[in-house]
Amino acid sequence: MSRRIEHCRLEMRESTGSDEWTAVTALSEVEWTGFAPAGCGVDQGRVIARPADASVAALDADAPDRVWRLVDSDGGALFEFLGYVDDRRPRAAGQIVLGISTTPELLGAWSELQAATAD
């Protein structure tokens with residue numbers, strides 16, 4: 001299954017259990033791919049996007065997993081997940097890949113690119 005949204009904002013949670021979010025960068029051409037079959041020992045999908053600013057410190061591939069969320073232009077949450085910046089996967093120039101460590105919750109108005117087999 002793969003879903004796409006054209007524009008949103010990437011935010012990260014300040015600390016575990018906090019309700020405070022920090023804006024990281026605007027994203028465009030955002031695609032979510034997932035989920036991996038349960039118990040297969042791999043991540044639960046990934047978010048591939050083109051950031052407005054890929055040089056922000058929060059996008060350090062050596063940082064530990066963080067709670068991220070994608071927010072639409074009206075401030076509504078689209079997607080929230082625990083994940084990491086993945087510098088091992090191939091991507092097009094100017095894109096980032098966020099690996100997803102746990103099964104996320106899809107929120108908001110995503111457009112489906114392929115028929116979903118399970119949500």
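This is a predicted model: local features need pLDDT of at least 70, side-chain atom pairs count only at pLDDT 80 or more; totals for chains, interfaces and linings use all residues.
**Whole chain.** Start with the protein chain in cartoon view. It has 0 helices and 8 strands. From the N terminus on, the elements read β-β-β-β-β-β-β-β. Switch to a surface. The protein chain exposes about 6500 Å², and carbon and sulfur atoms supply 47% of that area. Of its 119 residues, 41% count as buried. Now consider contacts between residues at least 6 apart in sequence: 58% of them join residues at least 24 apart.

**The core.** Next, select Val47, Trp68 and Leu70. These residues have the most contacts inside the largest nonpolar core, which has 22 residues. β1 (2-13), β2 (21-33), β3 (46-51), β4 (66-71), β5 (77-85) and β6 (96-100) each supply at least two of its residues.

**Strand β6.** Select 96-100, which is β6. How many of the residues of β6 are buried? The count is 5 of 5, so the strand is mostly covered under the cut-off of 20% relative accessible area. Show the side chains. In a regular strand they alternate between the two faces of the sheet. Here Ile96, Leu98 and Ile100 point one way from β6, while Val97 and Gly99 point the other way. Both sets are buried.

**Neighbours of β6.** β3 and β6 pair in the antiparallel sense over 4 bridges. Pick isoleucine 48: its bridge partner in β6 is valine 97. Finish on valine 85, which stands opposite leucine 98 in β6.

Terms used. Residues are numbered from 1 along each chain as its sequence is written. Side-chain values use heavy atoms; hydrogens and water are left out. A nonpolar core is a set of buried Ala, Val, Leu, Ile, Met, Phe, Trp, Tyr and Cys residues joined through side-chain atoms within 4.5 Å. Buried means under 20% relative accessible area, exposed over 50%, partly exposed in between (1.4 Å probe, protein chains only). Two strands pair if DSSP finds at least two bridges between them. Contact means heavy atoms within 4.5 Å. Accessible areas come from the Shrake-Rupley method with a 1.4 Å probe; for residues, only the protein chains shown count as cover.
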